[in-house]
Structures are given as C-alpha cells and as structure tokens.
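Please read them alongside the model.

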Amino acid sequence: MSVIYLLISVSICVAIGFFIAFIIAVKSGQYDDDYTPSVRMLFDDETKITSQNNNSPTEEKQV
Amino acid sequence: MNEQSCFHCGLSIPKNEVINFDKRKFCCVGCKTVYEIFSLNDMTSYYDFEKSPGATPQDIQGKYDFLDNEAILSKVLEFQEGKTSIVSLNIPHIHCSSCIWLLENLNRLQKGISMSQVNFPEKKVRITFNSETVSLKSIVYLLSSIGYEPYISLENYETGKTKVDRTLTYKLGVAFFCFGNIMLLSFPEYFEMKEFWLDNYRPFFRGLIFVLALPSFLYSASGYYLSAYHSIKTRMLNIDIPIALGIIVMFIRSSYDMLMDHGPGFFDSLVSLVFFMLLGKMFQTKTYSFLSFERDFKSYFPIAVTRINSNTSEESVPIYDVLKGDRLLIRNQELIPVDGILISEKAEIDYSFVTGEAVPITKKSGDKVFAGGKQIGKVIEMEVLHSVSQSYLTQLWSNEIFQKKVDQKHKTLTDAISRYFTPILLLIAFAGFGYWIFIDANIAFNVFTAVLIVACPCALALTAPFTFGNILRIMGKQKMYLKNALVIEQLAKVDTIVFDKTGTITTNKKSNIVYEGNPLSDEYNVLIKNVLRASNHPLSRMLYDFLPEFRKIKIDDFQEITGKGILATIDGKEIKIGSSTFVENSNLKTSEIERTSLHVKIDTIYYGRFNFQNQYRDGLETLFSTLSKSHRIKVLSGDNDGERGNLESILPKDTELIFNQKPEQKLEFIKNLQKNGLNVMMVGDGLNDAGALAQSNVGISISENVNVFSPACDAILDANEFSRLDYFLKLSHKSIRIIKMSFVLSLLYNVVGLSFAVTGNLLPLVAAIIMPLSTITIVSFVILMSNFYANQK
C-alpha cells in the first residue's frame, strides 16, 4: 500500500504546478482585464491572422 | 437600419443634409471620411460587429502639437528604448466590440504600429510602435481622424508605471489551494475508521495537512494579524481581533493535538475560514475601473500649452513651466490652465467644467480670466498672472482636506458591534476555563481554546462584505457607482443633504426658453431660425434647437460679432439677434440685464427677447419633498440669487438657499455643518464643488456622462437617475437592516457552537460542519435579502 505515498506526492505536485501557473497568470496581468479577451476571441479568423502578435502578453511584461 | 440615421455614427440625419456615398447614408463629411478610410484599407468589417459604432471626428488642428516636444513626449510614453515605444492612451469613445476590433487592427491603418491591445473596462489602448517610422503625434492624429480621439491630460504627465495591487488575489489563491487539498486529505479522518492501513498512514496525512496549512496561516491570513495589532495599538477594538485570536488559537491547539496524537486538529476549519473570509473581501471590492473617484484638476487640465515667445514664435511648453508674465495662445476648445489677463479683444469662455453652467461668459480685453474655462470660438491670447499651482481654482487643492489621506472617517457597524463582542467572548472563555480548572486541567485548556475557536466571528465578519458587495453591484447596475462598500454605511447615516445648484439640480442639456415681447409672426420665426442656423454660438444653437422646423431660405449677408450677436440680411430685411446693448434697446431695467437672453430686432423695430431659464431636472420636486421628510435639505450655489424666487416656489418650504458661494466657502459651509454634529451628504458636479465633496461625509457627483470626468468623490450618479436619489438612500438603510438581522443569525450559531465548546464536546467534525454551514446560510441569507429589498421600489 505504500504506493499511496507516491500517489499523494504526485497529486500534490500536480496541484502545486497548477498553483504556480495561476500565480504566473495573475502576475502577467491576465486577470486585470477579464472582458476584452472574451470579445477578441469572437473575431473572424481573418482578423486573427493579422493580429497574431497580440497573443504574447507575458513577453511584453518583461519590459 | 433606419433610413434616416447615419451609417457611421447612428445619429439621425436632418432631411436635406444626407450625404450619399457608396450606397450608404452619412450625416456629415466627417463620418463619410472615416468610412472612406476604412473602405480603402479593407476594414469595413468594423461595421459588422455593431451597428453604427462610430463617432464623428472632431477638428483638432494644432491641439496635439505639444507631442513634438521631446520632454513632454517622454512623460507621456510608458516605455521607450531604441526604436520601440509603448504608449497607453485613454480613449473615452471605446464602447463596443467594433471598437476593440478596430483599435487592435491599427497596424493595418498605420505603418510602424506593431501591435495594439485594448483594455475595454479601462477604456485604454496600449500601442507598441516604431518611433522611427511613426511619431506619437501622427498616431494621435490618426486616432482622432477615425473618431477615437484620445484624452491626454495633465494626469498623464506623472504616470510612470502604475502598480497594480494584486496581493488579495495571491492570498485568495494560496488560501484556496490549501483549502482544497486539506479538505481532501482530512476526509478519511471524518469517518474515524479503525482500518489498519488508515491508521498506518495517519501520520503521513496529518503531516501533509500541517505543511499545507502553513501558507494559509502565515501568508493568507496575515492581513488579519496586522489589522488586529493596529486596532489594539490604537485601542479601537475591531472585528479582526477575535478573528486573529481565533485563527492563532486554532493553529496552536491543532498543532498541539497533532503532536500529542490527540486528534487531527482543526486545520480544515482554519483554512476554510481563511478562504471564505478572503472571498468576502474580494467580493466587497467591486471596482469600476473605467471610473476614477480620485480625480483632481490634473485630469481636466491639458499637459501643455502654446506659449508665444518674445520673438513671436510659438512653442509648446509643459504647463508646469508656465510662469507669470508669459503670453499664451489658447485655441478653440482648449482649456485655460492658469489665471491671466485677456489680451485679445474678445473671448467666450465656457466654465461648465468648473461651475456646471452651460452658457459661456463673454470676456473683453483686459478682463481677468480664471483657470478652468474653455475657450470657444477664435484663438485668443492671454498673459499669465499666476502659475498653475497658484491659480484661483487649483489653490483649492492645497486645502488640507486634499492633503491627508482620510481612509476611515468613521467606525463601521461591524467594528461597533465587535467592541462588545470581544470582551464578552474573552469573558466566556475565561469563565469556562475557571470552571473546568477545578475539575480537570486538561479539559480546561481544551474548553478555553474551543471557545475562542468556535466563537471566531467568521459569519459575523462575512455578513457585511457580502451584503455591501451585493448592494454595490445592485446600485452599479442602476447607474449609481460607489467608490467602495464603506460609502453604503455612510449613506445610511446621512441626515443633511446639500445640493449644488447649477449642473446638479439643473440640467445643462436643455434650456427652458421663454419668449417675451411683441408676438413674432411665422414669417419672422422663419427668418430667425435661418439666421441662427449659421451661427456657432452655444446660445444660438440652443435657440435653434428650440424653434420648430421651418423651410430654409438663403441668407444674403451674415456677420457674427463676437460677444455681441449676429447681424444678417435676408430679402432686404436687417435682422439683429444678440445682447441688449447690441440691439440698442435702452428701455431695459438693470435687473433684467442680468438674465441670460437673446434680443431680437428686425429692421429698426425691437421685438422682444428669448429668455434662457434654468431647466430643473425631471422629478426634482417630488424628490425634494420625499427627502425633506427624512433629511435637512440645503441648496448652495455659486451664482447670484436671480433664481431664488423660482427655486422657492418649487422646493419645500424649509429648504435653505445660499447663493454667491465660492469653492472655499462651500467647503467651509460643509465643515460648519459637521461641527454641529450633522452627517452631511454633498451632491455636486463641477470642479468648484470638489472641496465640498471631499469635506462631506458622502460626496456624490452627478454626471451627464459617467465616462467623462467628474471631480473626486465617494460616488458617481448618472444624471438620468438623479430623481431616484431617495431610492438609493433607502436601499442603504435597508442594507444596514439586513446586516443587523444576519448578525442575530450568526450570533445564534455562535451560541450553539459555544454550548458545544463550554461543555468540552467540540470535536473537529462538529467544527467542520458548523463553520461552513453557518457561512453558507449567512451568505445566502444576505444575498437573498438584499436582492429582495432592491426590487422593492
């Protein structure tokens, strides 16, 4: 039954992974604007191609 | 789409002025040009997302010349390195998905823009561009030419990178992470199973729970310890003391239990408590990011102004560099940033920003002009008398009320209750301890800690945030935007309401125009309307809109004399419309000259005048009569008392009317009322009310358009909802009642929990049930009640 050590450790590690992802998302400002992205995703594909460079908010934060 | 509305901006088009282009109808050349720009660049899908989303571009000749000035430019830009520049522009017109689409595709309109990103709630666009290919000025001109004129004010001058405080989000995230995992891990313990393998792994589970509880205990809950510490230091017992006490005691007792192998401890209850309380905090802080409640004159004033140097060359200078004796050039629609003396012959100055008065004031050469006015019409020159910070209007901000940060002017209801709650709680805990110590020291210790744990007023602490948070949202939907939840409590305490007159209880949207004099024949009305059509003066525009629609006739001769009136000839008839001196009407009493009116003279015969009266807001009378039953009402005005009679006739008898008040006097007036122990609510609109709004217990600013700027205040009310002010006051009273009711409810839970605690029977499982149960019932109770009360008219 000692597999439970492994199982729980893995599950905690996965949870911590998601937690870190959440912190990074908050830090990069993804939660500052919770409206615009919902509209942006509805634009036609034609728009997406031209504004591809829009999807790098984390990169621009290094500024 | 309606045949008669503009394809671009959606305004209805007067019959004879339709511009047909590309099978579409436009109301003006401006709108047509914008459409042309889009169709040339293959961007007409702008019109697909929303019907007629556009705005008519305004003429901005020379308005943004200051963006050529390197010093100013570097202040406005958010980031600049090498060729890459980033700027964040505030664009008030952003209102729909079409706007987002267009502004994020700016790179198709202008070379050099590499990307642009819209933040819709803040009405901002962040543009990254190559400063070698394109200048900020040309971007601003491009935006203006397509109807998205950015708003650049003195406020931009001091923006560095604004730091966003995300601590609460982090804390909540940590708390939720710990809460979820601990709940899963403590599940086996709830069933007290005697299975062999569970017993075997118990230390592992408990160890994990302990480790997971640490971040929540140390980081997420840290705000409560700090607040409790401060409140003890200032000897103001607040709700955070029993909370912090409960959390700490819970942690110590649980660690002890675990170490001594007495049981699993209360870690699950602890983390859930922290999580729920932080959630309540989050819910309460509803912010309207597109509104600002902290505005001072800086948001109104331009960043730069045109100075005329001694060698007659013109130059844009930051307005902080403007010195006494400088000569400034003020263009049409530009704001006068400093006090000065008018050098040009005539100026029409619109002080609606400051006073709320819509009708512009005429100044002659040599007159003093005050900062805050907007020049309408021709370009004027002026000489500076005071620098920006010493001007008449801006001096108001040196008053101490703007200097100190008053974060809490009063005690909240929760704190008032916890003043009694905390001592009683400690009393019970010690009484229980004192009783059991003679029987069993071990139980005594358990009872003591159990009392503190179970009485931890989480439900009590949750009622206020959830009630206020919900009321805040309800009011926001009805266009009353509150700065924070504290305002609701203060609203409920208000006993005196002070109204500003101009722009607050009057509307500057429409004017009440009354004709006085010899009756005008229809033929003459046609003449007047046609003459007015050519004039740009605000008074003539108002009168033009007021007169009924007539046929159009050609004007033979037209002359507009600034500050006087219009002189026109039609079919050999000479028509004069303007001030009383202009039409040379000598038989006027002086008292009548004070009124705003347009006089009409046709050929040599004086006919009469159109009087412009203040138009009071709809429902003012009923609002005042309802309010006067429960509140004292006063009206403050910066104007002369010409309207006194009119006001007295429509307002309740005991309303106090005070006229000729300067901004500082308004502030003093409020201060005096407060000295007499009154809770004052100030309702105002212009910059001249800013002092009074800041001084009052609750300052409400009335705004015709909430996206446009209003002075610093506690709440912003949409002008159309003005007549429902009594409803909002009533709602705030009711929310206090809801909180009191739920306090009783949560105290009942505490009594139940305490009865378990003092008898020494508080098992972790019982605690784990009572705490979430009380939380959930309380939260649903307050949400239901506040929605119910909000629907009551």
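1. Chain B comprises domain 1 (65-157), domain 2 (322-397) and domain 3 (479-507 + 618-728), with bounds from an automatic or database domain assignment. The centres of domain 1 and domain 2 of chain B, taken over C-alpha atoms, are separated by 29 Å.

2. This is a predicted model, in which local features need pLDDT of at least 70, side-chain atom pairs count only at pLDDT 80 or more, and totals for chains, interfaces and linings use all residues. Residues are numbered from 1 along each chain as its sequence is written, while chains are lettered from A and ligands numbered from 1 in the order in which they are written.

3. Between chains, 24 residues of chain A contact 25 residues of chain B (C-beta atoms, placed from the backbone, within 7 Å). On the side of chain A that touches chain B, H1(A) gives the most, with nine residues (helices being DSSP runs of H or I, at least four residues, numbered from the N terminus).

4. The axes of H1 (residues 3-27) of chain A and H7 (residues 167-185) of chain B come within 11 Å and cross at roughly 165 degrees (axes are lines fitted to C-alpha atoms over the stretch in contact; angles run from 0 to 180 degrees between N-to-C directions). H1(A) is therefore roughly antiparallel to H7(B) (angles over 145 degrees).

5. The UniProt annotation "transmembrane region", from an unreviewed entry, covers residues 6-26 of chain A; such annotations may be inferred rather than shown by experiment. In the model, that span is 100% helix and 0% strand, with its end C-alpha atoms 30 Å apart.

Key
Helix = DSSP H or I, 4+ residues; strand = E, 2+ residues; numbered from the N terminus. Parallel < 35°, antiparallel > 145°, perpendicular 65-115°, else oblique. Contact = placed C-beta atoms within 7 Å.
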